[in-house]
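Please read these points with the model open beside you. Each one names the residues to look for.

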Amino acid sequence: MAASFKKTAIKTIPRVGEIITTDTLFWKSLEVPVTKKEYGPITHIEFSPVEPHNFAVTNSTRVQIYSPKSLQVVKTISRFREQAHCGSFRDDGRLLVAGGDGGEVKLFDVDGKSLLRVFKGHKGSVHVTKFLSDRLHLFSGSDDNSVCLWDIPTENQLISYKDHQDYVRCGVASLASKDIILTGSYDHTVKMWDTRTQDCAMSVNHGHPVESVLMFPSGGIFMSAGGNVIKVWDALAGGRLLTTLCHHHKTITTLTFCKNYQRLISGSIDRHIKIYDVSTYQVVHTLDVPGSVLSVGVPADDNLLVVGTAEGLLSMQRRKSDEDKNVRKKKRPASYKFFLKGQNYTPSSEDQIYEHKKKEKLQRYDKFFRKFEYSKALDAAIHVRTKEPEVTVSVVQELIRREGLKPALAARDDKSLGFIIRFIQRNISNPRFTSTLTDVAGVLLDMYNSHIGQCAEVDALLQRLRTTVKQEVEYMKQLMETMGTMDMLFAAVSTNQNKQSHSNSLDVLTPSAEAQTS
């Protein structure tokens, strides 16, 4: 009986993949996003604090309220003649306030969409409108550099702060106190205001035009975002800088919390969303967005991620429910029993047993190896459509083991020779394949040395291979120089430590002059 053919062993080296953490699993459980094209840049997204957690999307001359279940518009507030800004809910979800380029602050009833109040007093576009925690007051920030406090029942302006020297583009009200508000301006400063006084309570310099501010519910720590940095400040220590986060490449436009204030989310015009752990302020996950991010919103239950872009694209991603995760394709009982048929049968001593062996399927290069057609085996491996070249390199190693590399490379035309040279040039710098491909390149040059100069295409490929090898040699030289420098530094540090320890031991062993005199 003929021995079975031994397949070519494909040597694979496992890659170091990303570390799977609970945050990675949490954010990868989002479904495929539902996208909608709005009328203009989506400058603000805010979820209602109460169920069913509808969310307000501010864009163009309207504020649209979406349902988190259907992801469809349920209400549209369009009582604006110019661009609307910062549609924000009150903590009971019954009222909504928004500013606009007309300089007015408008208050709406969410259920009836009716206009309840119009607060006039700003002379520039109003980009910030937020309710205070007492539900009776709201504040606004404008391009006229002012921050105003408004009384909702009487529609009167109570205070106007004018300490900012540039546009006021972001703000937040403290959840711990009904008198504390925080605003950020393009004058690079973040100011904290106490509405019981007429002066600024605290001011810190962010160093860039401030695009977004955020405060923890306790009010002790707040964050500011501007440029490509996020700065964390300690309000209780008088505005002391705690840390600086610089993980984006371009301007950060929005900040928000999620996972019960355990995670911080930042969005940037570099088309990335970063999620940070607030205990360490390290990035735990990154999301890619097909547009420049202007606004991000997450509800209290973390079941939805909504992103607004400068291109007017609204992206909505639900989180997969536990039922969806546990759904599996159920096998039909009849089919399942059919495949189990005879599996549990125990043959008796009188039964004759015949084993059915499945026909082993061979790859094309193995079929050629079986026929000792080495040239065709190499051609079949060169044209394997895989992301990694382990298959081709393993076939080359098998040819070397069989002493069939020269027969496989011999008598080739310019086209097939070009395929081999191109493969070597692309993969010779990979440390996993350098040794094998260097041997192949040496054999190839020895065999076809006399053919150099006869084909322009082959000459160009050989020149590219020469450039690649030359660059790799230069990199290795630089690496060796760097390693030598590091060895010298480590040796110097070790010598100094040994000298220091030796001098300390001598000080202990040698008696002092006073002791000798006595």
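1. Start with aspartate 194, which counts as buried because its relative accessibility is 13%, under the 20% limit for that class. Its side chain meets that of arginine 196 in a salt bridge, at 2.9 Å from N to O. Arginine 196 itself is exposed, with a relative accessible area of 59%. Note that this is a predicted model, and the values here are computed from it.

2. A second salt bridge joins the side chains of arginine 169 and aspartate 143, with an N to O distance of 2.9 Å. Arginine 169 belongs to strand β14 (residues 168–173), while aspartate 143 sits in the loop between β11 (137–142) and β12 (147–151), so the pair ties together parts that are 26 residues apart in sequence. Aspartate 143 counts as buried, at 16% relative accessibility. Arginine 169 is partly exposed, with a relative accessible area of 23%.

3. Compare the pair formed by aspartate 92 and arginine 90, whose side chains meet in a salt bridge of 2.7 Å, N to O. Here both aspartate 92 and arginine 90 are buried. Salt bridges also occur as a network, which links Asp23, Lys259, Arg263 and Asp277. In the whole structure, the search finds 21 salt bridges.

4. Which side chains make polar contacts with the side chain of histidine 122? One is serine 140, at 2.6 Å, and another is serine 146, at 3.1 Å. Histidine 122 is found in the loop between β9 (115–120) and β10 (126–131). It is buried, with a relative accessible area of 9%. Leaving aside residues up to four places away in sequence, histidine 122 touches Gly103, Val105, Ser140, Ser142, Asp144, Ser146, Cys148 and Trp150.

5. Valine 57 lies in strand β3 (residues 55–59). Is this valine buried or exposed? Valine 57 is buried, because its relative accessible area is 0%. Its contacts, not counting residues up to four places away in sequence, are Ile42, His44, Arg62, Val63, Gln64, Tyr66 and Leu314. Valine 57 and serine 88 are 31 residues apart in sequence, and their C-alpha atoms are 9.4 Å apart in space.

6. In soluble globular proteins, nonpolar side chains tend to be buried together. The largest nonpolar core of this model has 37 residues, and Leu378, Ile424 and Leu444 are those with the most contacts inside it. Two or more residues each come from α4 (364–370), α5 (374–382), α6 (390–401), α7 (405–409), α8 (414–427), α9 (434–447) and α10 (456–509). The largest share, 6 residues, is given by α5. As for leucine 444, it touches Leu409, Leu417, Ile420, Ile421 and Ile424, again not counting residues up to four places away in sequence.

Terms used
Residues numbered from 1 in each chain as written. Predicted model: local features only at pLDDT ≥ 70, side-chain atom pairs only at ≥ 80, totals over all residues. Heavy atoms only, no water. Core = buried A, V, L, I, M, F, W, Y, C linked by side-chain atoms within 4.5 Å. Buried < 20%, exposed > 50% of the residue type's maximum accessible area, 1.4 Å probe, protein only. Helix = DSSP H or I, 4+ residues; strand = E, 2+ residues; numbered from the N terminus. Contact = heavy atoms within 4.5 Å. Polar contact = N/O pair within 3.5 Å; in protein donor to acceptor, adjacent residues only side chain to side chain. Salt bridge = Lys/Arg side-chain N within 4 Å of Asp/Glu carboxyl O.
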